[in-house]
Amino acid sequence: MAIIEVEALHKEFRRLRGGRNIAVDGLDLTVPDGGVFGFLGPNGAGKTTTIRCLLGLVKPTAGRTRVLNAEAKRLHTVIDRVGSLVETPTFFPTFSGRRNLRLLARLDGIGPAAVDNVLDRVGLGDRGDDIFKNYSLGMKQRLGIAAALLREPELLILDEPANGLDPAGIKEVRQLLRSLADEGRTVFISSHLLGEVQLICDRVAILARGKCIAQGEVADVLSRGEAAQMVVKVENLQGALDILKGAGFEATLEGDELLVTAPASDGARISRTLALKRIYVSELRPHAVSLEDVFLQLTEGGL
Amino acid sequence: MRLLGVEFRRAFARRITKLVFILSIAGIIAAGLSVFFTSKNETIQVTARGPKIAGFVDACTRGEPLPVDSVPPLPAVGTSARASACQTFADQLTTDTIDKRFHLTNLLDILKHVSAFAAIIAWLIGASFIGAEWRSGSFGTLLTWEPRRFRVMLAKAIAAIVVSFIIVMVLQALLVGALYPSAVYHGSTAVTGSGDFVHFPTAAAFWRSLSYLGLRSGALAAGAALMGFAIGAIGRNTAASLGAGFFYIAIVEGAIIGNFVAKARPWLLVRNAIVFINNTRIDAVPHRTPLQAGLITFGYAVALFFIATLVTRARDVN
């Protein structure tokens, strides 16, 4: 079952000096129930605008969004099952973090104990009484995540949740998001930290110039990257390179190894080709493609 | 109701609310002390000047030249009404100069003048209530908890109205309390009779009149808060609301429409507010009753609020 559905979403903003800026251009997106869904894209790709459309903050020029099966106009019927964080969290600057959360909690009849609980959960338990405007960016981010968790939501929509966090904070958030997904919630995050996304996401969508250019399970999206390559290690690199090229393989010398453009299923053929010429392989493995590689390849035109 | 409760909590917890309240109280204390120490119970001095006043009245009654710039039309010399009119004339001339007492009935004029100040404070509270939210971005955060913008706007507007009304009512009560000792010790608490300062049939009638004036002033402040809120919501900025309010009242109404568009004068905001506060018709808008003036003033505020709500519903929150 899809927990978020986006169909032909289109959003244009008017420019001050005339003309229009297309932020989202016919986006189709389906986020299944459960797990962590990464929403990736370069700056200006339309990620935040899409999230704002999902949360009813921005009205689409065309297309439609459904969150927890509720159309945008009926968002209020499901909003208490959604926790969200959009860009940098914004709260009343002269109130403490705890007071800000308590005000929000009161909207849903949530007691102060739950506020203390989420503050502890995001590591702000002992800084909850500090004034919000004195928080560092990382602390603001943690408070935003705490606010998103207050309702014990089924769906978390988090826009750059690790923004401003230090490495330890990023790791904590990663573990937190993973644990939330493991509890059965759906976590929808946009992020630039592709290494982090790859570590915690089950599925991803890559956005460029307002359009979705890849979507699916992480492994599937990775496979859409550069043509599959095999890493070959031998003693006689130059000899092996000549033999493989002679056998019709596309191969290059990269440091102390060869990169052969071929799917993993061609491993045996590569090994046999070299062995017939008395060159024996010491290592033969698929070349690991990172999400970052795929992201950069797929979004190259949009960067 | 939860949303409304949260908005009330926030409104009362805001620094500007507290600051306005504290500064106003400081002003009230200063006013109370100032009036107390500058007012004097000069009943004795009035008596001491009695012979001088009596001489003036005698000269006036006989039709002799008087040491004043102008003399109002008086009954003919020799008639019985002449002496009485001369006494009234003498009273009018001498009252301001020799009566330094603080009369309790002065509170009516003071509250009328304070109502304009109260309306400005309320405008500021209403404007900053929404303007500060847009500035901090917390309005967007709230919409991720309650996406129905009309409800959000209504709750905030009600909070701004009620908080402004309460603050103005409390400040007026404190002002009356601060000035009351001046009337008791350095003036007069008399309110019944037929003189310049005492013209109420009963003390209860005076207090009732003062209370109604206070309520009208509080209601005007509530309307001003709603207008400030509405313009702040449209401009998404406190300063925009204050600037637009000043520009409209001082320039558009005061300088342009008020002077050059005679037909529009009965519909001007400030003139209707004056009629409403004074609870009497004024020459500038002779056909407007105080009730009509009040309804028109609040009609403008409510209309502005609905425009602001429509604008807020239509615009994106970035």
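Helices (H or I, at least four residues) and strands (E, at least two) are DSSP runs, numbered from the N terminus. By this definition, chain B comprises twelve helices and two strands, and its elements follow one another along the sequence as α-α-α-α-α-β-α-α-α-β-α-α-α-α. The model is predicted: local features need pLDDT of at least 70, side-chain atom pairs count only at pLDDT 80 or more, and totals for chains, interfaces and linings use all residues. Residues are numbered from 1 along each chain as its sequence is written, while chains are lettered from A and ligands numbered from 1 in the order in which they are written.

Both chains were divided into domains, whose bounds come from an automatic or database domain assignment. In chain A, domain 1 covers 2–223 and domain 2 covers 229–286; their centres, taken over C-alpha atoms, are 45 Å apart. In chain B, domain 1 consists of 2–39 + 102–314, and domain 2 of 43–98. The corresponding centres in chain B, again over C-alpha atoms, are separated by 43 Å.

The C-alpha trace of chain B spans about 85 × 45 × 30 Å along its principal axes. Its radius of gyration is 25 Å, whereas a compact globule of 318 residues would have a value near 20 Å; the radius is taken over C-alpha atoms, and the globule rule is 2.2 Å times the number of residues to the power 0.38. Of the 318 residues of chain B, 36% are buried, a residue being buried if 20 or more other C-beta atoms, placed from the backbone, lie within 10 Å of its own.

Helix α2 of chain B (residues 15–38) has 24 residues and should therefore span 34 Å at 1.5 Å a residue, in agreement with the 34 Å between its end C-alpha atoms. The expected span is 1.5 Å times one less than the number of residues. The buried residues of α2(B) are B:Thr17, B:Ser24 and B:Ile28, and they pack against α1, α6 (106–136) and α8 (149–186) of chain B.

Between the chains, 22 residues of chain B are in contact with 21 residues of chain A, contact meaning that the C-beta atoms of two residues, placed from the backbone, lie within 7 Å. On the side of chain B that touches chain A, the elements giving two or more residues are α1 (2–13) and α7 (138–143) of chain B. The most is given by α1(B), with seven residues.

How values were computed:
Buried ≥ 20, exposed ≤ 12 C-beta atoms within 10 Å, placed from the backbone.
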